[in-house]
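Colleague: Hey, could you walk me through this one? I'm new to it.

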Protein chains: 2
Amino acid sequence: MTLTHDGPEPRRTSRRGFLGGALGTAGVLAAGGAGFGVARATEPAADGRVGDVVPFYGLHQAGIATPAQDRLAFAAFTVTATEADQVAQLLGTWAAAAAQLSKGLPVGAVDNSPLAPPIDTGEAVGLGAANLTITVGFGPSLFDDRFGLQGKRPAALADLPALPGDTLDPNRTGGDLCVQACSDDPTVAFHVIRNFARLARGTAVMKWSQLGFGRTSSTSDKQQTERNLLGFKDGTNNIKDESTADFDDYVWVGAESDQGWMRGGSYLVARRIRMLIESWDIDYLADQENVIGRFKTSGAPLTGKNEFDTVDLQATKKGGQPVIPIDAHIRLASPETNAGQKILRRGYSYTDGIDPETGLLDAGLFFICFQKDPRKQFVPIQRKLGSHDALNEYIRHTGSGLFAVPPAPKAAGDWWGKELFQ
Amino acid sequence: MTLTHDGPEPRRTSRRGFLGGALGTAGVLAAGGAGFGVARATEPAADGRVGDVVPFYGLHQAGIATPAQDRLAFAAFTVTATEADQVAQLLGTWAAAAAQLSKGLPVGAVDNSPLAPPIDTGEAVGLGAANLTITVGFGPSLFDDRFGLQGKRPAALADLPALPGDTLDPNRTGGDLCVQACSDDPTVAFHVIRNFARLARGTAVMKWSQLGFGRTSSTSDKQQTERNLLGFKDGTNNIKDESTADFDDYVWVGAESDQGWMRGGSYLVARRIRMLIESWDIDYLADQENVIGRFKTSGAPLTGKNEFDTVDLQATKKGGQPVIPIDAHIRLASPETNAGQKILRRGYSYTDGIDPETGLLDAGLFFICFQKDPRKQFVPIQRKLGSHDALNEYIRHTGSGLFAVPPAPKAAGDWWGKELFQ
């Protein structure tokens, strides 16, 4: 861990100090000792806003089979360090911080010493955990020739191919590492990204980030289905947290993986899907419903009356045309059209203000999905959608990321992908 | 109202149809008749998320003396129409829409007709009002020579002068009209801006917008003081909604105004204040506390122990230096230093991703304040802060707006500043 000496009496620590669970703020201050890294919660929340706590340590990372929280802060990082050991140290530091944050605690004391910078930036003090989950992934580029990890790259982490209709902005695409922070409080989620960027100083820099203001996918039978910015319910037939079988079949990496370190993990694909809402908004209701394949108000498939009625892709009208059009989004995205494949969707609505080129709102869906193998799931599904989906007239994929999400750290001192670095 | 004829059978309406409370979606479809504009709530919220409803009609506009909600969507518009009548029609249409939205209803039916675009964009259906308030203001530029309003410009709506330390981006500054949408649900707030932009088509275009993800100012004795992205509690000594006297003295325009149409209104100043959080985060705790004049964890003034203890600007240390430094933010911003003046603050934390020039997070405070006369309140206070505030090392004002906020529409058929156009 790099130490700078701008301040009075920076405390030195062993380079491996974080392994004991202690925390360092890279480039600023490092703190050693087993007890020090356990932050105090400097202020209990007084107004009942303290939410539930989702366990950080375990088998699978939190933030996948966790009921989707309301708000998202997502960031991709580029590693600037040149040694694998530095990457490992960053991941260890992040994991120790994540364990604290997931409990609603700061990464370290805000008021440790008047003559040192606060270890935590402080803005989330008093807000509790609000169901915070922190999910970390590794991009394909982490396995290039910089860190000697070439031989450990899973086959399933194949670069995403160019897909039909891609209009990707390189400044919103890729990354060596990703951090998905989800919480029911947006300040709690933002606080993670900010502090992770701070802890990364000298080792990694943020490449891009995305705030999601509203959950669009329900991932639990207990959640109401939300609407995306097209005004339609999204994720009615999503994989639900209650379905262990679906997770085993479609989400969690199993014995089939060529890389043992990924078993129990998953693959995250993120797509920043801008919606051309001004065009969408002048389309007729019936056309919108044909584009999606569902009724707008009820969310029912065009072959049903209620949201959860069966999607009948075979049903035809009098003239023999299918009730759910041949190019309807739900037809092309359905498991029946995709060799039975499913993905777990966990997306959020976003807006990033005005597009300076057009004066129109830059808004849409920050799509996130998890799966066992993107080569068999996201890629073929999106290839089909990108070629034929009637929705293509109204959307543009403007950013993209693919990340291997290893299993969760097991206990204090462990971190994501530790086996990779040993 | 401009009608286009892209669609089948657009319904024509009288140009004054909106006066009866009916709604039109400018440039697309206009709907007349007294009953039509009253939208149906197409789906009651099933999960208890429906928040309280803040009345839209009344004396003062909602969103000023309303307990600050958690989320903000703000937009400034440029009028592209050339006739005052068109501006009046837009304001009438917006007011009718705002009355609906404030009740948690769509601006018009989502499923009015399969052969017409939905009148409401639909994404907020089922979310309720969540304490939504919609506050509309007029920028100085609305009173230029385009609409014959020059003689009705209030003296207090004087252009903001250049202020010390300004680094304003013209693409985040100014505007003929502004819309402040606050709600406890960010989708509800965004939905307002999106639909207002849609209703404005052909009359006005969005100039800039800003999402605020977390409330930073408490405006009610019932609210906990929140922390801004500096990690400090913000707004401890703010004007509180419970203090009618403070509102009369500092916020509401009274008989002193040279323009009768502004009585009962207020003036909104918005400042996009970027925080250089990477620099701030390496500053020592004691220095941060001296910059602000408060303790970070407790929020107490440096002369006290608890958050709400009196700020004693006279207190000195042994050597005679003031306990609260001469350039501390709370000293320079305090009423005692500013001829007794106060402002009502109603700001939100924002982040807009990565600054492409530096690779650092573009994040900070979208500061909003309300006052009786910016010439006596915001301008002299900010002149002092901009010149001397120790905080200047860590912040940049990157956007700015000034708007006259007239009193509220009184009832259906009324709109903001109606007197101006008659």
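Predicted model: local features only at pLDDT ≥ 70, side-chain atom pairs only at ≥ 80, totals over all residues.

Colleague: Noted. How many helices and strands are there in chain A?

Modeller: Chain A has seven helices and twelve strands. Of its 422 residues, 57% are buried.

Colleague: And what share of the contacts in chain A with a separation of 6 or more comes from residues 24 or more positions apart?

Modeller: Those account for 73% of them.

Colleague: Switching to domains. What does the assignment give for chain A?

Modeller: Domain 1 is 56-228 + 235-268, and domain 2 is 275-402. Their C-alpha centres lie 25 Å apart. The contact takes 48 residues from domain 1 of chain A and 35 residues from domain 2 of chain A.

Colleague: Which elements supply the domain 1 side of that?

Modeller: In chain A, strands β3 (71-79), β5 (177-183), β6 (204-212), β7 (214-215) and β8 (266-275), plus helix α3 (244-251), each supply at least two residues of the side that touches domain 2.

Colleague: What about the largest nonpolar core, which residues touch the most other members?

Modeller: The core has 236 residues, and the ones touching the most other members are A:A73, A:M275, B:V179 and B:M275. Both domains of chain A are in on it, with at least three residues drawn from each. As a general point, nonpolar side chains in soluble globular proteins tend to be buried together.

Colleague: Pick B:V179, then. What does B:V179 touch?

Modeller: Leaving out residues up to four places away in sequence, B:V179 touches B:A75, B:I134, B:V136, B:V192, B:I193 and B:F196.

Colleague: Let's do a helix. How much of α2 in chain B is buried?

Modeller: 14 of the 14 residues of α2(B) are buried, so that helix is mostly covered. The length works out too: at 1.5 Å a residue, residues 186-199 should span 20 Å, and the end C-alpha atoms are 20 Å apart, which agrees.

Colleague: And a strand? Is β12 of chain B enclosed or open?

Modeller: Strand β12 (residues 395-405) of chain B is largely enclosed by the rest of the structure, because nine of its eleven residues are buried. Ten bridges join β12(B) to strand β8 (residues 266-275) of chain B, and the two run antiparallel.

Colleague: Which residue of β12(B) is the bridge partner of B:I273?

Modeller: That's B:H397.

Colleague: Where is A:A130 found?

Modeller: In the loop between α1 (84-102) and β4 (133-138) of chain A. A:N131 is found in the loop between α1 and β4 of chain A as well. A:A130 counts as buried because 25 other C-beta atoms lie within 10 Å, and A:N131 is buried with 24. The cut-off for buried is 20 or more.

Colleague: How about B:R331, buried or exposed?

Modeller: Buried, with 23 C-beta neighbours inside 10 Å. B:R331 is in helix α6 (residues 329-333) of chain B. Setting aside residues up to four places away in sequence, B:R331 touches B:G293, B:L313, B:I324, B:I326 and B:T337.

Colleague: Last one: what does B:A286 touch?

Modeller: A:P114 and A:L115, not counting residues up to four places away in sequence. B:A286 is in helix α5 (residues 285-292) of chain B, and B:A286 is partly exposed, with 16 other C-beta atoms within 10 Å.

Methods
Residues numbered from 1 in each chain as written. Chains lettered and ligands numbered in written order. Buried ≥ 20, exposed ≤ 12 C-beta atoms within 10 Å, placed from the backbone. Helix = DSSP H or I, 4+ residues; strand = E, 2+ residues; numbered from the N terminus. Pairing = 2+ DSSP bridges. Core = buried A, V, L, I, M, F, W, Y, C linked by C-beta atoms within 7 Å. Domains from an automatic or database assignment. Contact = placed C-beta atoms within 7 Å. Expected span 1.5 Å × (residues − 1).
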